[in-house]
Structures are given as structure tokens and as C-alpha cells.
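Morning, everyone. Let me put the model up, and then we will walk through it.

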Amino acid sequence: MKVKAKKSLGQHFLTDESTAKRIVGSLLSPTGNLLEIGPGTGMLTKYLLALPNVNLEVAEIDRESIAYLKENYPQLTPSLYERDFLALDLSAVMEGNFNIIGNFPYNISSQIFFKILDYRQCVPQIVCMLQREVAERLASGPGNKAYGILSVLLQAWYNIEYLFTVHENLFNPPPKVKSGVIRLVRNSRQSLGCNEALFKQIVKQCFGMRRKTIRNSIKPLLASILQGGQSAGAKGAALQNCPLLQHPYMERRPEELSVEDFIALTEMVEEASRLFGR
């Protein structure tokens, strides 16, 4: 049977065998549990099934792809989750640690990574193909214009390496852009040492106004943590006198700050919050 790529699912099926082998070969020491996201027509799957000492699970939402996989790879049937990865309770279907691999749909790649971050203690490695621009952004470091919110949030927990580019003509249907393959390997960090929710809020707020200095992007957040009982004038005076606004970070822009800088910034905002009595 044939599987028709569906635009609504962001499907572009890889057709090049050598590229598929190269992606699978990018897994470092693949053993144990492995989850493939969106196997489609099984281009990666057939090589993953050949890996020794690997327990392969796959998550696929497309009904045609599910039928194709069951027909051509019947051994997958017991470990084929017929549902949206984003709606999958990974703690219920995966035991212990598990690596992730896949050709991620362009339209939900960011959502996939945000979900992976929730399971970062169980996911030591990810190898994936996605839109080249996004792949480059995730692997970019401070000082690069591509560096952004997901770069910081992922690099806090993973070492990310851009591996290679995949051209449009190796897919059916061909996408309008090139793809990139990256590998993420869990680093040794177990805790940020600061309020993680606040860290995310600060990163998102700063990059949400990335053309502004940190001082101008952080002011609304600082204003919000002032005591509600203060008068508008008192709040304004407290904000102007806040020592944090005199820190050298305040003259910089978000793409200039490393993960460690954002952690330090979060700690300073926490300290300001304590000083203001909230």
C-alpha cells in the first residue's frame, strides 16, 4: 500500500537510504529503550529494528502510516503507539531511560522539544531531523543571531551538535526548505540552582523583546514583583533604585547571554523579589 503525505501533519517522507542510515548511525552507543517519533513509512524504522540490544517503540498518529507499518513491520505492532506524541503519557508507556529519534514534523518540532524537556531526566539522547533553520537555532551559542528561547532552555540540560544538512530533493514531497540533523546529549546538570519557572519566564520575556537591552525587557517583570500595597510613586522609585538594573548584564541583549548568565540573572531577580518582600 502507498502512504500519501499529509500537509496537515507536516509530513515529508525521507526517500534516501544513505541518509536514513546516517541518521540512525548518529545515535551514540544505542542500547536499551528507543522511541521513534513519527516513523511514517519506516525509512528509519527498518534500520532501527536491525540495531542489537535495542527495544524499539514508535509513536505514529497517521492512520495510513500505521496500517503501512503493521503490514510491512508486523513485529512493531505490540510497541506501536497509535496516537499523537504530544498527547502520549511517556511515563506510562516507557520504562526507565529511553533515547528518542525521528524526522520531526516541522510544524510541531518546538512543541516536541518542550515535552522532551519535561522528561529530561529520562531522556539521555535525542537524534532528530527538522527544518534546518530550527536545527541551527537549537545548536547556536551566545552571540549568534539564531540563538533564542529554545536554544537556552535546551542547552541548560543538553549538549547540542549540528551534524549535517539534508537537501529538499531527498524527500517526498520535497519541502520548501533544507533539513538539518542534530544530536542532543544530556549534560551533567541536575538542577539550575534557581527557580526554574522564573528562569523560563525570564528567558521568554527577554527574547520576546530581543532587540531591547535586558534592562528594558526585564523592567516589566521587576515592576510586577513589587509589593502590591505600594503606591505607584513608591513602586516607581523602588524600581529605579533596584540594584539589579545597574548590573552590567542590563546593557546587553538576550543573544549575548549564556545559559549561566540567564541563571545568574534569575538569581538576581529572585533576590530583588525577596528585597521587595514578595
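Which residues line the largest cavity? Leu117, Arg120, Leu153, Trp157, Leu192, Glu196, Phe199 and Lys200 do. Before going further, the ground rules. This is a predicted model, where local features need pLDDT of at least 70, side-chain atom pairs count only at pLDDT 80 or more, and totals for chains, interfaces and linings use all residues. Residues are numbered from 1 along each chain as its sequence is written, and side-chain values use heavy atoms, with hydrogens and water left out.

Back to the cavity. Rolling a probe the size of a water molecule over the atoms shows where empty space is left. Here the work is done on a 1 Å grid over the protein atoms alone, and a cavity is a set of points where a 1.4 Å probe fits but cannot get out. Lining residues have an atom within 4 Å of a point. A volume is the space filled by probe spheres set on the points, with grid points joined across faces, edges and corners. The whole structure was searched, and one cavity of 30 Å³ or more turned up. The volume of the largest cavity is about 50 Å³.

What is the lining made of, by class? Five residues are nonpolar, none are polar and three are charged. Nonpolar covers Ala, Val, Leu, Ile, Met, Phe, Trp, Tyr, Cys and Pro; charged covers Asp, Glu, Lys and Arg; the others, Gly among them, count as polar.

Which element gives the most to that lining? Helix H8, residues 196-208, with three residues. A word on elements: helices (H or I, at least four residues) and strands (E, at least two) are DSSP runs, numbered from the N terminus.

Look at Trp157 in that lining. Trp157 sits in the loop between helix H7 (149-155) and strand E7 (158-166). Buried or exposed? Trp157 is buried, at a relative accessible area of 3%. Buried means under 20% relative accessible area, exposed over 50%, and partly exposed in between, with a 1.4 Å probe and protein chains only. Gln190 is 33 residues away from Trp157 along the chain, and their C-alpha atoms are separated by 8.1 Å.

Now stay with H8 and bring in its packing partner. Two packed helices are described by the angle between their axes and the distance between the axes. H8 packs with helix H9 (residues 214-224) at an angle of about 130°, and the axes are 9 Å apart. That makes H8 oblique to H9. Axes are lines fitted to C-alpha atoms, for helices over the stretch in contact, and angles run from 0 to 180 degrees between N-to-C directions. Under 35 degrees is roughly parallel, over 145 roughly antiparallel, 65 to 115 roughly perpendicular, and the rest oblique. The crossing of H8 past H9 is right-handed; that is, the near helix is turned clockwise from the far one by less than a right angle.

Gln201 belongs to H8. Gln201 is partly exposed, with a relative accessible area of 39%. From Gln201 to Ile214 is 13 residues in sequence and 13 Å in space, C-alpha to C-alpha.

Next, pockets. A pocket is an open set with protein on both sides within 12 Å along at least five of seven lines. The largest pocket holds about 490 Å³ of space. It has 32 lining residues, and Leu9, Gln11, Gly38, Asn103 and Pro105 are the closest to its centre. Strand E1 (13-14) and E2 each supply at least two lining residues. By class, that lining has 17 nonpolar, 10 polar and five charged residues.

The second largest pocket has a volume of about 280 Å³. Its lining has 13 residues, with Lys7, His12, Tyr106, Pro175 and Lys176 nearest the centre. Six of the lining residues are nonpolar, four polar and three charged.

Now the backbone. Most residues other than glycine have a negative phi, and most peptide bonds are trans. Where are the exceptions here? Ser29 has a positive phi, near 45°. Ser29 lies in the loop between helix H1 (17-25) and strand E2 (32-37), and is exposed at 64% relative accessible area. Asn53 also has a positive phi, about 60°. Asn53 is in the loop between helix H2 (45-48) and strand E3 (54-59), exposed, again at 64%. A cis peptide bond joins Asn172 and Pro173, with omega about -10°. Pro173 is in the loop between strand E8 (171-172) and strand E9 (179-186).

Last, the overall picture. The protein chain has 11 helices and nine strands. Of its 278 residues, 50% count as buried. The C-alpha atoms fill a box of roughly 70 × 35 × 30 Å along the principal axes.
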